[in-house]
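Hi there,

Here is the structure I promised to pass on to you. Have a look at it first, and then read my notes below.

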Amino acid sequence: MQKKYLMTPGPTPVPADVLLSQARPMIHHRTPEFSGILMKATEDLKYVFQTENDVLIFACSGTGVMESAFVNCFSPGEKVLITRNGKFGDRFLQLAKAYGLEYVDLSYEWNTVVQAADVETALDENPDIKGVFITQSETSSGVLNPVKPVADVVAQKDDCIIIVDSITGIGAVDCPTDEWKLDVVMTGSQKGLMLPPGLAAVSVSEKAWGRVACSELPKFYFSWEKAKKSIGKETTPFTPPVSLIIGLGEALSMIREEGLENVIRRHQLLADAARAGCEAIGLKLFAPPEGRGNAVTPVWVPDGIDGKALVKTMSAKYGITIAGGQDDYAGKIFRIGHLGYFDRFDIITTLAGLEMTLAEIGYEFERGAALRAAEDVFMGA
Ligand SMILES: *Cc1c(COP(=O)(O)O)cnc(C)c1O
């Protein structure tokens, strides 16, 4: 027998109560019972988004709501600014291209942060930019981008909105939508929301609704206007993922009970412990000190070690699934996820598995040092 540990930044582990809530017999979606569940989940989503704006739920993975931001806010040929320093920022660029938008491409190395000053310069040089895209928590690199200063720059422009991928930000780091004046913010179910994949949510500000009103890109299933009209009638335009929304209600109750601030603090603590553990055995962190998020800890594979073998061995021999590097960093970095339903001993277990795996594949270090460093973080908290 081998127990399995899912230590990836999506999908993430699902708490037993959330799983069980989804196992109940199916109910019909056009019923007062389901409307009640949907409206409660929508209200609780506003709590985690820290917003009074509309929050809309879609049956899709995170990429679906990313796509929805393009088709709902823009018209063919309009200009947008894409900031990117990882795989998910790249996806915004691919979407801009797919929908025939003009774009300014503000691209950075994966282990550096987006600079608000560069956004300001780009907006000065291109006064016709209608939207700025930014990834708050770049899951491919672990980088936490400075959303607030970028939002401050965008807020000064009347006809330009900021669109934030907070898919691994929400529930792990602070993302105060209203306080920071974020026009569009999105998240996905299989990340901080502790649900299976298949559901995503987006918040839409008044300013963003202004863009929606004049957007000419074709849309149907992902129409925000349709979704808003339906939620006004306590329902959804199409058959919603009933079980996932029931699970969402359960997961959001857990988050409410713990308190969003405490949830974020817990993620900070887990991230601190994971980083301290890795550094204590001589490993180098990938994300720069000025921009490290709480969702995932990416680490350079040490010289002479086969990164793919590391991830494979840890999974096959010890049942611990961590994530490898993506694209150019495949085999060069590995990533420990600690997003959502995670507690201290998930980190201890993973560091122990990492030490055993590294020792086995020939890395030299003082065994136990990672555990001691992580324990120190937890005991000091
Ligand atoms: C997971 C993720 C997405 C969406 O990916 P899906 O596979 O479509 O859910 C987008 N952005 C970030 C930062 C992510 O971590």
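**Around the ligand**

Helix H3 (62-73) and helix H4 (87-98) each give at least two residues to the shell around the ligand; helices here are DSSP runs (H or I, at least four residues), strands are DSSP runs too (E, at least two), and both are numbered from the N terminus. Before going on, please note that this is a predicted model, where local features need pLDDT of at least 70 and side-chain atom pairs count only at pLDDT 80 or more, while totals for chains, interfaces and linings use all residues. Residues are numbered from 1 along each chain as its sequence is written, and side-chain values use heavy atoms, with hydrogens and water left out.

H3 provides the largest share of the shell, three residues. In total, 14 residues surround the ligand, and the closest are Ser61, Thr63, Thr139, Asp165 and Lys191 (a residue is near a molecule if one of its heavy atoms lies within 4 Å of it). Sorted by type, the shell has three nonpolar, eight polar and three charged residues; Ala, Val, Leu, Ile, Met, Phe, Trp, Tyr, Cys and Pro count as nonpolar, Asp, Glu, Lys and Arg as charged, and the others, Gly among them, as polar.

Which side chains come up to oxygen atoms of the ligand? For threonine 63, a polar side-chain atom lies 2.4 Å from a ligand oxygen. For lysine 191, the distance from a side-chain N or O atom to a ligand oxygen is 2.7 Å, and for glutamine 190 a polar side-chain atom lies 2.8 Å from one. Taken alone, the ligand exposes 380 Å², and the protein buries 88% of that (areas come from the Shrake-Rupley method with a 1.4 Å probe).

**A sheet of three strands**

Elsewhere there is an open sheet with the order S11-S14-S13 and antiparallel pairing; two strands pair if DSSP finds at least two bridges between them. Strand S11 (296-300) and strand S13 (323-324) are at the edges with a single partner strand each, so one side of each has no neighbour in the sheet. Two bridges join S13 to strand S14 (residues 333-337), and alanine 323 has arginine 335 in S14 as its bridge partner.

**Two backbone details in loops**

Glycine 10 and proline 11 are joined by a cis peptide bond, with omega about -5 degrees. Proline 11 is in the loop between strand S1 (5-6) and helix H1 (16-21). Lysine 181 is not a glycine, yet has a positive phi of about 60 degrees; this lysine 181 lies in the loop between strand S8 (161-165) and strand S9 (184-188).

Happy exploring!

How values were computed
A polar contact is a pair of N or O atoms within 3.5 Å; within protein, one must be able to donate a hydrogen and the other to accept it, and residues adjacent in sequence count only if both atoms are side-chain atoms.
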